[in-house]
Amino acid sequence: MQLELRHLEAVLQVAEAGSLGRAAARLGVSQPALSAQLRRIERVAGGELFVRSRSGVEPTPLGDFVLSAARRVLSEMDALTAGTRAAAPHPALRLGCIMLVLVDQLLGHLEAELPGHEIDITIEESATVLVRRLGAGQYDAILFGELADHEVPLPEGVAVRTLIAKEPACVRLSNSHPLAGQKEIELADLAGETWTTLTDDGDGGPEAMDDACRRAGFTPKLRYRIADRQMRWELIAAGRAVSLCQPTSPYVEGTVLRPLAGDPVTGRIRLAWNRSALCEQRATQIYQAAARAYLDSIPTNATFQAWWESRPELHPTLDQV
């Protein structure tokens, strides 16, 4: 076996995620499959690349050497991709997104803002990966979320604009759950629940949830990290877990979405773009499209709609159409 770019990406993901489980989720493979791939890579490299422990993984001296080479090679490939694209006569708009609810409505609004323009949208599950690829020139712009006080670090040459300054997290639970009939739920009343969340996406979500639950007097029992949205919904509908969700999340059969009393967890949505790839006008067009996509999703939740309409200072700035 010879090492390929995908092998270097896998090694880099393991190092960045700090665990095989989180790295596997980011790569969209099972943990056993990633473990087997890592063993094959280590055989080619000539030794262990990571020391494994209960707290995660740490690179060995050989691992540090391979990681240094991997970063250099992947950076050169990123530069090659970016250079090739820059030489193209009509490059596509390349937009990377975390799995935000507004993405469901985004494409139509982008087509309205950029008629006839080729649009390439890629869904990632990690803000860390999004930012790295934005910095490498693989994306022109990214849409991402941040929870509580967490700030996603951005590379040089990148501009950022806040799309939605604040939205309260809600809880999704089975429609047969004893609390499903309540108009709002105290976070403390969920102390005995099993939680599911997305994979560790670098937005501060797990830390924000943990901090809020501790303030409510308990430590959350997080059992499931699932990247596939439909699988998460099925798990919740079956009554096996509950989850924090955006308030604009759509209706899901077998579940209900309820606000948390006092808004113990809040987040925001931001747009970042490479100044060298997008002019201010183009970035504004993406902002407008994303804002309208978000506004389209608000009527799916009457409680949130009332919350939103009472806070006009949070509304995005829109051009008249």
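User: Which residues in helix 1 meet helix 3?

Analyst: Contact means heavy atoms within 4.5 Å. Here Arg6, His7, Ala10, Val11 and Val14 in helix 1 meet Leu34, Gln37 and Ile41 in helix 3. By class, that contact has five nonpolar, two polar and one charged residues. This is a predicted model: local features need pLDDT of at least 70, side-chain atom pairs count only at pLDDT 80 or more, and totals for chains, interfaces and linings use all residues. Residues are numbered from 1 along each chain as its sequence is written, and side-chain values use heavy atoms, with hydrogens and water left out.

User: At what angle do the axes of helix 1 and helix 3 cross?

Analyst: Axes are lines fitted to C-alpha atoms, for helices over the stretch in contact, and angles run from 0 to 180 degrees between N-to-C directions. The axes of helix 1 (residues 5-17) and helix 3 (residues 31-45) cross at roughly 115° and come within 11 Å. The two helices are therefore roughly perpendicular (65 to 115 degrees).

User: How many salt bridges does the structure hold?

Analyst: Side chains of opposite charge can pair when their charged atoms come close. A salt bridge is a side-chain nitrogen of Lys or Arg within 4 Å of a carboxyl oxygen of Asp or Glu. The structure holds eleven. One of them joins Glu42 and Arg52 (3.5 Å, N to O).

User: Is Glu42 buried or exposed?

Analyst: Buried means under 20% relative accessible area, exposed over 50%, partly exposed in between (1.4 Å probe, protein chains only). Glu42, at 10%, counts as buried. Arg52, at 37%, counts as partly exposed.

Methods
Helix = DSSP H or I, 4+ residues; strand = E, 2+ residues; numbered from the N terminus. Parallel < 35°, antiparallel > 145°, perpendicular 65-115°, else oblique. Nonpolar A, V, L, I, M, F, W, Y, C, P; charged D, E, K, R; others polar.
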